[in-house]
Amino acid sequence: MPLSDDGDIIRGLGFVALYAAYLEEQVDNLLIMLEPLEASPELKNHWPVSRKIDKSKSLVRTLEFDYREFLLESLNYSKSLFEKRNEVIHGRIYASFDRSDTLKSGRTNVPNREISSSELYELATNLANAREKIYRPMILQIPQAIKAHQ
């Protein structure tokens, strides 16, 4: 269910941060679930989310279950959402009363661009939906596939 855009760019940014954290937690839970395939060092907690996703994908590929390709696509999609999250969280948003709000990148040689609350609310909604897509196969299919794999 999409979040309702109330035009508040700061609230939209807050939703992006919150739903990205929930999505990262789901990726962490997936890695924990996949630990029987490969014991993991405690350092995984300190890995960037892109590395966690890559590790999850490599472990998921060793299993056979109906929604495996869907999960792999969902993990790829999640990775792209985290890149968008990074752009807005690590950038700086400048509000203006007489023109559009501006996102100034935290990276060099990246031009400023317009940003809107609707873009942020859409990103937050997509982050929430990606979390659900990763969770679904974790309910039954992955546990069964791990059991069959052992």
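Analyst: Helices (H or I, at least four residues) and strands (E, at least two) are DSSP runs, numbered from the N terminus. The part to look at is helix 1, and Y19 lies in it.

A word on the model. Residues are numbered from 1 along each chain as its sequence is written, and side-chain values use heavy atoms, with hydrogens and water left out. The model is predicted, so local features need pLDDT of at least 70 and side-chain atom pairs count only at pLDDT 80 or more, while totals for chains, interfaces and linings use all residues.

Now the setting. The protein has 5 helices and 3 strands. Along the sequence, they come in the order α-α-α-β-β-β-α-α. Along the principal axes, the C-alpha atoms fill a box of roughly 65 × 35 × 20 Å.

Next, helix 1 itself. The helix covers residues 9-33, which is 25 residues. How far should such a helix reach from end to end? The expected span is 1.5 Å times one less than the number of residues. For helix 1 that gives 36 Å, and the end C-alpha atoms are 36 Å apart, so the two agree.

Look at the start of the helix. There, a side-chain oxygen of D8 comes within 3.0 Å of the backbone nitrogen of I10. A polar contact is a pair of N or O atoms within 3.5 Å; within protein, one must be able to donate a hydrogen and the other to accept it, and residues adjacent in sequence count only if both atoms are side-chain atoms.

Which residues of helix 1 are buried? Buried means under 20% relative accessible area, exposed means over 50%, and partly exposed lies in between (1.4 Å probe, protein chains only). The buried residues are I9, G12, V16, A20, L23, Q26, V27, L30 and L31. An α-helix has 3.6 residues a turn, so residues three or four places apart point the same way. I32 counts as exposed because its relative accessibility is 52%.

What covers the buried residues of helix 1? The cover includes helix 2 (49-60), helix 3 (68-90), strand 1 (92-94), helix 4 (117-139) and helix 5 (141-149). Contact means heavy atoms within 4.5 Å.

Leaving aside neighbours within four places in sequence, Y19 is in contact with L3, A124, L127 and A128. Y19 and L127 are 108 residues apart along the chain, yet their C-alpha atoms are separated by 5.7 Å. The C-alpha atoms of I32 and S116 are 84 residues apart along the chain and separated by 36 Å. Across the protein, among contacts between residues at least 6 apart in sequence, 70% join residues at least 24 apart.

The buried residues of helix 2 are V49, K52, I53, K55, S56, K57, L59 and V60. Helix 1 and helix 3 are among what covers them.

Helix 3 supplies two residues to check. One is L72. L72 counts as buried because its relative accessibility is 8%. Beyond four places in sequence, L72 touches K57, V60 and R61. L72 and I53 are 19 residues apart in sequence and 9.4 Å apart in space, C-alpha to C-alpha. The other is R68, also in helix 3. R68 is buried, with a relative accessible area of 17%. Its side chain reaches the backbone oxygen of L63 at 3.0 Å. With residues up to four places away left out, R68 touches V60, R61 and L63.

Last, a loop. N109 lies between strand 2 (102-104) and strand 3 (113-114). N109 counts as exposed because its relative accessibility is 79%. Its phi is near 60°, a positive value in a residue other than glycine. N109 and F15 are 94 residues apart in sequence and 28 Å apart in space, C-alpha to C-alpha.
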